[in-house]
Amino acid sequence: MSYARVLTELGKRIGKEKIFTEPEELYSYGVDAYTEFKQPPAAVVRASSEEDVRAVLELANRERVPVVPRGSGTSLSGGSVPAVPGAIVLDLTPMNKIEVNIDDGYVMAEAGATVLEVDKACRSYGFFFPPDPASSRIATIGGSLAENAGGLRGAKFGVMKNWVLAMEVILPGGKKVRIGEPVYKWRWGPDLMSLFIGSEGTLGVITRAWLKIYPLPEKVVRVLGVFDRIEDAGKAISQIRRRGYVPMILELLDRETIEIVNESLGYNVEVAEGMVMADVDGPRESVWRIAREVESVMKDCGGRTRASDDPEEMEQLYLARQGAYAAVTRAYPGVLLEDITVPLSKLMEALRELDRMRKEYGLKMPVFGHAGDGNLHPNICFDPRDEEQLRKARELFVKTGQLAIKLGGAISGEHGIGLAKKELFLEEIKAVRGEGYVEMVKMIKQLLDPNGIMNPGKIFF
């Protein structure tokens, strides 16, 4: 294996100005938003075209050099950090072209375009791009597809995989594959897009995608409910969905989250055991009727409610949720952010068990998340300088994942497996997916990436 030979030849083919090898240039590419794992690459190549990507994968495959595709490094599972030394990080952020096609109902975006940039481009035409990961300001389309990212609007609009019509992928060795069609209905062969969405860069590099877009809602009403029992907040979410209402956003925060937001950010949000926020969208003539019905469900479950369609007041109602993660990371030097999902019918049980677990371990663990689709984010807080707290935090991280498996859920709803959850993922596979699952996926990996150069050491490879 010789990355030196790869870099020399790459310099001739794509230009030396796109290749970085100085330690100060590599440092930031050796960590991502998860921060638990650190491994600087041997080099970084900033690709500005499909030809650059093909050149990297052709030469790296020939020399057996590991390649880690990367967008903005917002992964919360260690997905974009090299797992082995001597890797080349392939930075796709310079590839950021966006083309909106209103007549055909899609937007074409290169891998380095951010989710927010794509959304803004669509909004100028009266449409929007529904997936909205919390890091959408910098999260790239390629990375969001590779992680199958979600976001607050997932309760109604799902995750990235629900919005893809077609994509282009570069395979190890440099071959380009076009998968799908930029039309709303097509049918031939197996759905190969699903191989790459959520694959975390272990099979190939997504370079561009054609994505569905959606008309902007005529009106949005924000409904806020506060509850004296966290179980009642969970019940309200389950009942809202069970009665057939599908808010665009359906979020949950617990007491610890609200208290930390107030203390860390200086807000004055009403403190309660649970808070539920719902954004109801629809036609102007009917949206308030639906909002009142959602509000009624919250009241029936014991909540005190407020509702508004005034932009300034809506922003005030959103403060606690908007500042949740920033407040937690500001308040504590160490945070392990979990990302479990559970069936909606098990939401109350999950909340009760999480409360029991944090008391057992004696650690702060504020819980918030996209509870409308069963996706919870327990934030395990600790002092990394305290070895006992660190041990407890890591153990609690595993226990929360095991809780999701026990309740019939999943260890990750949107953050991916990466390096953080490899062992937990194998537990989930063993519990629910069957022995043949790992064998099947490894066969696919061997077929597409026989030399094992694509993001090695991730998921369970």
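**Where domain 1 meets domain 2**

Author: Four residue pairs, both at pLDDT 80 or more, are in polar contact between domain 1 and domain 2. The model is predicted: local features need pLDDT of at least 70, side-chain atom pairs count only at pLDDT 80 or more, and totals for chains, interfaces and linings use all residues. Residues are numbered from 1 along each chain as its sequence is written, and side-chain values use heavy atoms, without hydrogens and water.

Reader: What makes a pair a polar contact?

Author: Two N or O atoms within 3.5 Å; within protein, one must be able to donate a hydrogen and the other to accept it. Residues adjacent in sequence count only if both atoms are side-chain atoms.

Reader: Why is the pair Arg 394 and Glu 36 called a salt bridge?

Author: The term asks for a side-chain nitrogen of Lys or Arg within 4 Å of a carboxyl oxygen of Asp or Glu. Arg 394 and Glu 36 are at 3.6 Å, N to O, so the pair qualifies. The count between the two domains is two salt bridges.

Reader: What are the bounds of the domains?

Author: Domain 1 is 1-216 and domain 2 is 219-415. Such bounds come from an automatic or database domain assignment.

Reader: How many residues are in contact?

Author: 15 of domain 1 with 21 of domain 2. Contact means heavy atoms within 4.5 Å.

Reader: What area do the domains bury between them?

Author: About 1500 Å², 55% of it on carbon and sulfur atoms. Buried area is the accessible area (1.4 Å probe) that two parts lose on being put together, summed over both.
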